[in-house]
Amino acid sequence: RMRYFSLSSGRAKEYVLHPYRVVSAQGGLYLLAYVPEYTELRTFATSRIEQLSLLETHFERDEALGEEPFSHSLGVHHGAPETVVVEFSPPVTSYIEGRRWHASQSIEPLAAGRLRLTLQVSIDWALKGWIMSFGPHALVAAPASLAADIRADFAKAQAQYD
C-alpha cells in the first residue's frame, strides 16, 4: 500500500500496487508498479512517496514488461507505440543525424537539406517536450493529433509573452 502525492491531481492518493522495479532515469528514481484498480502499469517518482507498507498478499508479475521499462518512450513513460514522423530543417539536421534518439528510429534525407525522422514511440510528455525544444526547426508530419497538440502548446506559450 502506498500514499503518493500526485502532481496531476495536486493531492495525495492511496494505492494498492504490485511493485515491479525501481529505475534510475533522467536524474531521478522511479517505481514501476502495476495498479490493479486501474489495471495498468504506472510510474511513480520515489521522491513523492509519502508512505509505503507491505501487505500480506502475493501477486504474479506480468512478464510482458520486458527488460527495458521505458522502451517506447523518450523519457520515463510507458504506453503503446505509435508511428511519429518529424521533419527537421537544416540548422538542426546534423545534430539529429548524429544521435540515436530511439532504437526504432529511421532517418530519411529530404530536399533542401531537410530530413525526416520516423519513430515508433509512445506519445507522451517527454516526446512533446523534445519536439518543442527544436522550436521552428521541427515539424510534426504525423500523427495529426500530435501536430495539433504541439500547435496548441506553442500558442499557449506565445500567449504568455503577448
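**Figure 1. Burial and overall dimensions of the protein.** Of the 162 residues in the protein, 34% are buried, where buried means under 20% relative accessible area, exposed over 50%, and partly exposed in between, with a 1.4 Å probe and protein chains only. The model is predicted: local features need pLDDT of at least 70, side-chain atom pairs count only at pLDDT 80 or more, and totals for chains, interfaces and linings use all residues. Residues are numbered from 1 along each chain as its sequence is written, and side-chain values use heavy atoms, with hydrogens and water left out. The C-alpha trace spans about 65 × 40 × 25 Å along its principal axes. Among contacts with a separation of 6 or more, 53% are between residues 24 or more positions apart, contact being heavy atoms within 4.5 Å.

**Figure 2. Order of the helices and strands.** Three helices and 10 strands make up the elements of the protein. Helices (H or I, at least four residues) and strands (E, at least two) are DSSP runs, numbered from the N terminus. Read from the N terminus, the order is β-β-β-β-β-β-β-α-β-β-α-β-α.

Figure 3. Strand E1 (residues 2-6) and strand E2 (residues 11-15) run antiparallel and are joined by five bridges; two strands pair if DSSP finds at least two bridges between them. Met2 is placed opposite Tyr15 in E2. Four residues lie between E1 and E2 in this hairpin, and Gly10 in the turn has a positive phi of about 75°.

**Figure 4. Strand E4 and its two partners.** E4 is largely enclosed by the rest of the structure, because six of its eight residues are buried. Strand E3 (residues 18-25) pairs with E4 in the antiparallel sense over seven bridges, with Arg21 opposite Leu32 in E4. The hairpin of E3 and E4 has two residues between the strands, and Gln26 takes a positive phi near 50° there. E4 also pairs with E5 in the antiparallel sense, over six bridges. In this pair, Tyr30 stands opposite Ala45 in E5.

Figure 5. Most residues other than glycine have a negative phi, and most peptide bonds are trans. Thr39 is not a glycine, yet its phi is positive, at about 50°. The loop that holds Thr39 runs between strand E4 (28-35) and strand E5 (40-45), and the hairpin of E4 and E5 has four residues between the strands. Thr39 counts as exposed because its relative accessibility is 59%. Ala112, also not a glycine, has a positive phi of about 60°. Ala112 is found in the loop between E8 and E9 and, at 71% relative accessibility, counts as exposed.

**Figure 6. The open sheet of four strands.** The strand order is E8-E9-E7-E10, with antiparallel pairing. Strand E8 (106-109) and strand E10 (138-142) are the edge strands, each pairing on one side only. On average, neighbouring strands of this sheet are turned by 25° against each other, direction ignored; the axes are lines fitted to C-alpha atoms, for helices over the stretch in contact, and angles run from 0 to 180 degrees between N-to-C directions. Within the sheet, strand E7 (residues 82-88) and strand E9 (residues 115-121) run antiparallel and are joined by seven bridges. Phe88 stands opposite Leu115 in E9.

Figure 7. Val86 belongs to strand E7 and is buried, with a relative accessible area of 0%. Apart from its neighbours within four places in sequence, Val86 is in contact with Leu115, Arg116, Leu117, Ile131, Ala138, Leu139, Val140 and Ala141. The C-alpha atoms of Val86 and Leu139 are 5.5 Å apart, although the two residues are 53 apart in sequence.

**Figure 8. The cis peptide bond at Pro143.** Ala142 and Pro143 are joined by a cis peptide bond, with omega at about -5°. Pro143 is in the loop between E10 and helix H3 (144-161).
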